Amino acid sequence: MSTTATIAEYQAQNKAKLISEVRRRFEAEYVTDKSDKYDSRDVERLQQDDSWIESYLAWRHNVVDETLKMLDESFQWRKEMAVNDLTEASIPRWLLEIGGIYLHGYDKEGNKLFWIRVKYHIKDHKTILDKKKLIAFWLERYAKRENGKPVTVMFDLSETGLNSIDMDFVRFIINCFKVYYPKYLSKMVIFDMPWIMNAAFKIVKTWLGPEAVSLLKFTSKNDIQDYVSVEYLPPHMGGTDPFKYSYPPLVDDDFQTPLCENGPIASEDEASSKEDIESDGKDTLETISNEEQTTLPKKGNIMEPTSKADENEKVDSKMKTFKKPLSVFKGPLLHISPAEELYFGSTDSGEKKALIVLTNVTKNIVAFKVRTTAPEKYRVKPSNSSCDPGASVDIVVSPHGGLTVSAQDRFLVMAAEMEQTSGTGPAELTQFWKEVPRNKVMEHRLRCHIVESYKPSSLTWKDHAFNMSVKTSEDLCHQLSRLVASTRKLEDQVQQCIRFQQLLLALTVLLLTFMVSFFYLLHG
């Protein structure tokens, strides 16, 4: 056995011992005395979820005593906040509508962005508990869905005044990542911090501790693109993201509706098609539509029927009319383009098809399948196949039977690495998905976006020029938004100068009055 393998085995054994010790000691030293202070669901999860304990251990550098204290504090907080029972209905509607806290977009490392728009926060002891619940609500939903994937917190301080500074709320957010959700913080990007808050954030650094201080990134419009690309930045940050917050539904809420397996539906001109109905015991999916293993021809696949090859050539020729999507999500197994939204043309335009491009960035074959929340609406080709190392696969998504695309529809791309000896036929893929461990599966979600007034050249089915006048109008709109924001800042600065001048004038008058009185008394 090699030295590397020996070290890895030792580390795995040591980790297992630490996890076992944490479980045993927490049960004996804490649960026995404080069982009423914990939610029984958290205690039960602790006995079953190794990765949960591991996240606390890692944050406490594998020191068991410190880990136990952290678990105790975290579990008590979870029960006080009723974290396991938090739902959308637990949060006041006005707080969800205002758009001060939400998940949207990705940073350059592929981490989800957790937006906190500070200008919408007004310090008020009557609403602070609801705001804390909203933070916990989002983090808990994200943790259950992604299970360990970190987030990047975007502290947007633009247009923020003194009445928005609430150190108690900031400390709560810090504690969420420091104690309650360890290992979930990738970094905290502070944008456009006013100079008056410098002192406040010096205090924040002490709360974070020396290990986490390096995660604070203070940015302005000039350097925020070091962390987040322009496609996920709003115009006031110098970006091009057209996203506008609205509620309902919840932003990025693609985990409420069960995702159903969706395969291509045979078109009218196809004489026959193979259907593969999957029954995946691991997923609670009641509706699983027909699967057709339609992929681009691979080397060595000499047994494929001629009709299938001809069909793939037709698909290939149609692919040439696509221009590749510009945005890319860089996952550990696949690069997925577009990164977040599938753009469909309007019914009038006739350009209703969209393209997903998957690129295998590993050294092994990667199996993938595509699911959707609306399996009756869409054809997906291919929806269940594999991708060779370094290769790319184009997936065509199109509405079926004249059904209308909805912005509420979601797509899920699932991927997992296969062993070199595994086959990639329909039967082998079906068996592979039944056996692959859940923690080995990469998942990425895509939303649907309907383009009414224009058609992005990178995402539409027909090959015609982009409507330049619309693009110009959009650019002008972005520039106008920036100009309005700059004007507001200038107005604020002018008002501050006027107040300062008025204060100086008042002081000057008082000084002159004092001097006149002094000379009058002196000579009198």
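**Strands, a helix pair and one leucine**

Q: Which residue in β10 is the bridge partner of I336?
A: The bridge partner of I336 in β10 is L358. This is a predicted model, in which local features need pLDDT of at least 70, side-chain atom pairs count only at pLDDT 80 or more, and totals for chains, interfaces and linings use all residues. Residues are numbered from 1 along each chain as its sequence is written, and side-chain values use heavy atoms, with hydrogens and water left out.

Q: And how many bridges join β8 to β10?
A: Four bridges join β8 to strand β10 (residues 354-360), and the two run antiparallel; strands are DSSP runs of E with at least two residues, helices are runs of H or I with at least four, and both are numbered from the N terminus, while two strands pair if DSSP finds at least two bridges between them.

Q: What about β7 and β8, how many residues lie between them?
A: Three residues lie between β7 and β8, which form a hairpin, and K330 has H335 in β8 as its bridge partner.

Q: Switching to L483, is that buried or exposed?
A: L483 is exposed, with a relative accessible area of 51%, where buried means under 20%, exposed over 50% and partly exposed in between, using a 1.4 Å probe and protein chains only. L483 is found in helix α11 (residues 468-523).

Q: How far apart are L483 and H236?
A: L483 and H236 are 247 residues apart in sequence, and 9.4 Å apart in space from C-alpha to C-alpha.
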